[in-house]
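Work through the exercises below with the structure open. Each task is followed by a stepwise solution.

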Amino acid sequence: MNASIGVPTDPFAKKSLRTSEHHIISHCPEDTVRIGAFLGKYLAGGSVVALAGKLGSGKTCLTQGIARGLKVPKEIYITSPSYSIVNEYPGRITLFHVDFYRLKDPSELEDVDLDETLEAGGVVVIEWAEKFPGILPEEHLFVSISIMDDQTRELHLTAYGQQAAYAVTRLLHDLSVLAR
Ligand SMILES: Nc1ncnc2c1ncn2[C@@H]1O[C@H](COP(=O)(O)OP(=O)(O)OP(=O)(O)O)[C@@H](O)[C@H]1O
Ligand SMILES: [Mg+2]
């Protein structure tokens with residue numbers, strides 16, 4: 001996996017920590033889509049976004065935003081993979097959307113070669129990633145979503161590696177500009 005592809009040499013990247021942690025509050029589903037879209041803008045080929053959180057916390061909602069940021073055509077509706085384990089969407093970078101929910105054992109993933117997908121330069125978003133943390137590559141962005149109330153979600157982002165830290169830094173910057 002080449003995690004350095006697409007990391008521009010700008011001050012943001014230089015300031016990025018190898019591991020960083022941040023919280024973002026989302027006040028409605030549209031907020032979560034927007035957060036995902038900002039994030040998707042800054043993901044490079046070979047990135048993994050691991051999503052954790054209870055049923056209905058907003059993992060698919062965030063993935064819909066990531067798809068938007070990756071320029072997956074708007075007409076394509078992103079839903080959790082149900083019959084297949086992985087859905088593939090064309091974009092500025094191909095998006096692979098994986099859901100571990102129904103899987104009992106990582107061996108059921110044998111049809112999905114994560115390393116091959118990453119080496120091919122895709123972005124992989126995994127729902128229920130906490131089920132099999134051992135298969136995540138060392139460098140990834142972990143997003144745990146907590147349900148605060150009906151409309152409010154807390155997104156806890158942990159960036160492992162420079163590329164993930166870079167994407168989070170830029171996401172936070174875009175959100176701060178939006179809030180001005
Ligand atoms: N701030 C918010 N962000 C995201 N979703 C929200 C928010 N507030 C309310 N919701 C609602 O929560 C639900 C989130 O559904 P979503 O399918 O994205 O969850 P999920 O985590 O993927 O669930 P599952 O584990 O079943 O795959 C939607 O019905 C959405 O309207
Ligand atoms: Mg889902």
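**Exercise 1.** Are H2 and H5 oblique or roughly parallel to each other, and why?

*Solution.* Remember that this is a predicted model. Start with the angle. H2 pairs with helix H5, residues 162-179, at about 130°. Their axes lie 8 Å apart. Next, apply the cut-offs. Roughly antiparallel needs an angle over 145 degrees, and roughly perpendicular covers 65 to 115. Now the hand: H2 passes H5 in a right-handed crossing. Finally, list the residues. H2 contributes Ile35, Phe38 and Leu39. H5 contributes Ala167, Leu171, Asp174 and Leu175. By class, this contact of H2 with H5 holds six nonpolar residues, no polar ones and one charged.

**Exercise 2.** Describe how H2 packs on H3.

*Solution.* Locate the helices first. H2 spans residues 29-41 and H3 spans residues 59-69. Their axes come within 6 Å and cross at roughly 40°. That angle makes H2 oblique to H3. The crossing of H2 past H3 is right-handed. Then go to the contact. On the H2 side, the residues include Pro29, Thr32, Val33 and Lys41. On the H3 side, they include Cys61, Leu62, Thr63 and Gly69. Sorted by class, the contact of H2 with H3 has ten nonpolar, seven polar and three charged residues.

**Exercise 3.** Which residues are closest to ligand 1, and how many surround it?

*Solution.* Count the shell: 18 residues surround ligand 1. The closest are Thr32, Gly58, Lys59, Thr60 and Cys61. H2 and H3 are the elements that give it two or more residues. Then sort by class. The shell around ligand 1 has four nonpolar, ten polar and four charged residues.

**Exercise 4.** Where is the pLDDT below 50?

*Solution.* Take the chain average first: a pLDDT of 88. Of the residues, 90% score at least 70. Residues 1-17 have a pLDDT below 50. Beyond near neighbours in sequence, this stretch has 33 contacts in the model. Where pLDDT is low, predicted coordinates should not be read in detail.

Key. Residues numbered from 1 in each chain as written. Chains lettered and ligands numbered in written order. Predicted model: local features only at pLDDT ≥ 70, side-chain atom pairs only at ≥ 80, totals over all residues. Axes fitted to C-alpha atoms, helices over the stretch in contact; angles between N-to-C directions. Helix = DSSP H or I, 4+ residues; strand = E, 2+ residues; numbered from the N terminus. Parallel < 35°, antiparallel > 145°, perpendicular 65-115°, else oblique. Left-handed = near helix turned anticlockwise from the far one by under 90°. Contact = placed C-beta atoms within 7 Å. Nonpolar A, V, L, I, M, F, W, Y, C, P; charged D, E, K, R; others polar. pLDDT = per-residue confidence, 0-100. Near = placed C-beta within 6 Å.
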